[in-house]
Amino acid sequence: MIKNGVPQGSVLGPLFFLLYINDSPKAITKNNSLVLFADDTNLLITDSNNSDFNININQSFCNIISWFNSNLLTLNFTKTLYVEFRTKNYYQVKTKVTYEHKNISDSSETKFLGLIIDETLPWNQHIDHIATKLCSACYALRNLKHIVPQSTLRAIYYAHIQSILSYSIIFWGRSSNVNRLFILQKKIIRIITNNGVRESCRKAFKDMEIMTLYSQYIFLLILFTINNKHLFTSNKEIHNYKNWNSANLQLPSVNITKFYKGPYVLGSKAFNHQQN
């Protein structure tokens with residue numbers, strides 16, 4: 001008989017676990033937030049004052065550990081780390097997170113739901129990770145093209161490569177290093193269509209009905225905006241009179257370049273462009 005916890009391997013195990021940890025966000029103050037996905041827990045803390053930030057993060061960490069102890073759970077300190085997100089021109093606070101003389105390791109990057117996030121959000125580590133997968137795909141397709149038809153290679157592209165390129169592209173699609181992935185995508189298309197290294201891929205993309213990396217980025221930006229219209233404000237919500245751009249989305253005023261290059265602002269601009 002199990003007196004506490006959730007049995008592993010059962011059909012209802014995941015549901016029981018979600019019910020078990022469902023009230024954990026209540027352990028965090030309203031100014032902070034707890035992001036839960038299965039057994040992956042992320043604590044997000046923001047503060048404009050460095051000293052208050054240090055106090056806030058340690059207090060919140062103590063609160064969540066107290067909740068763990070109350071619910072007979074144990075925090076694995078070896079798998080716990082914190083990342084201090086900042087702009088490139090802003091110095092690091094170098095916060096120390098401790099609990100009962102145990103320190104939480106700091107890191108310059110973390111992996112969240114398959115997305116490698118750097119502390120200044122250049123996305124270089126994530127792009128390197130994707131590039132490694134695409135290089136492996138090139139090798140596999142080069143060996144397969146001699147034994148399977150082009151239609152099968154195209155199906156393999158959509159099943160194994162398209163998903164890699166499109167996953168979370170709205171976040172890293174404006175990185176300065178993204179052209180490296182576009183070069184690898186063209187290399188894959190040339191392998192599938194048996195084109196030469198110096199031949200243009202423009203017609204091949206069209207014939208294969210495959211979007212380029214940049215087209216995927218714009219398409220998914222617009223799709224994200226349409227599916228999350230509640231996050232945006234249209235011009236007609238601000239004023240009552242009708243004109244040619246009343247259906248357009250209001251562009252927010254931003255001072256941080258990273259936010260300007262993010263999906264919220266660029267999604268609004270892409271949506272407005274296809275509206276006009």
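Among contacts in the protein chain of this predicted model between residues at least 6 apart in sequence, 56% join residues at least 24 apart. The secondary structure comprises 11 helices and 8 strands. The C-alpha atoms occupy a box of roughly 65 × 60 × 40 Å along the principal axes. The radius of gyration of the protein chain is 23 Å, whereas a compact globule of 276 residues would have a value near 19 Å.

Buried residues account for 35% of the 276 residues in the protein chain.

Two leucines in loops have positive phi values. L72 is located in the loop between helix 2 (50–70) and strand 3 (81–83). The phi angle of L72 is near 60 degrees, a positive value in a residue other than glycine. L72 counts as exposed because its relative accessibility is 57%, the cut-off for this class being over 50%. L113 is found in the loop that joins strand 7 (109–112) to strand 8 (115–118). For L113, phi is near 55 degrees, again a positive value in a residue other than glycine. The relative accessible area of L113 is 36%, so this residue is classed as partly exposed.

T87 occupies the loop between strand 3 and strand 4 (98–99). With a relative accessible area of 33%, T87 is partly exposed. When residues up to four places away in sequence are not counted, T87 touches T120 and I256. T87 and P122 are 35 residues apart along the chain, and their C-alpha atoms are separated by 9.9 Å.

T132 belongs to helix 3, which spans residues 124–144. The side chain of T132 reaches the backbone oxygen of D128 at a distance of 3.0 Å. Between T132 and N32, a sequence separation of 100 residues corresponds to a C-alpha to C-alpha distance of 36 Å.

Helix 4 contains both residues considered next. Q162 lies in this helix, which covers residues 150–166, and A155 is also placed in helix 4. Q162 is buried because its relative accessible area is 14%, the cut-off for burial being under 20%. A155, by contrast, is partly exposed, with a relative accessible area of 45%. Apart from residues up to four places away in sequence, Q162 touches Y157 and Q216. A155 and L223 are 68 residues apart in sequence, with their C-alpha atoms 23 Å apart in space.

T212 is situated in the loop between helix 7 (202–208) and helix 8. The relative accessibility of T212 is 19%, and the residue therefore counts as buried. Its side chain forms a polar contact of 2.9 Å with the side chain of S215. Leaving aside neighbours within four places in sequence, T212 is in contact with F182, Q185 and F205. The C-alpha atoms of T212 and N103 are separated by 45 Å, and the two residues are 109 positions apart along the chain.

S234 is located in the loop that connects helix 8 (213–227) with helix 9 (235–238). A relative accessible area of 7% places S234 among the buried residues. With residues up to four places away in sequence not counted, S234 touches S246, A247, N248, L249 and Q250.

Technical notes:
Residues numbered from 1 in each chain as written. Predicted model: local features only at pLDDT ≥ 70, side-chain atom pairs only at ≥ 80, totals over all residues. Heavy atoms only, no water. Helix = DSSP H or I, 4+ residues; strand = E, 2+ residues; numbered from the N terminus. Rg over C-alpha atoms; globule rule 2.2 N^0.38 Å. Buried < 20%, exposed > 50% of the residue type's maximum accessible area, 1.4 Å probe, protein only. Contact = heavy atoms within 4.5 Å. Polar contact = N/O pair within 3.5 Å; in protein donor to acceptor, adjacent residues only side chain to side chain.
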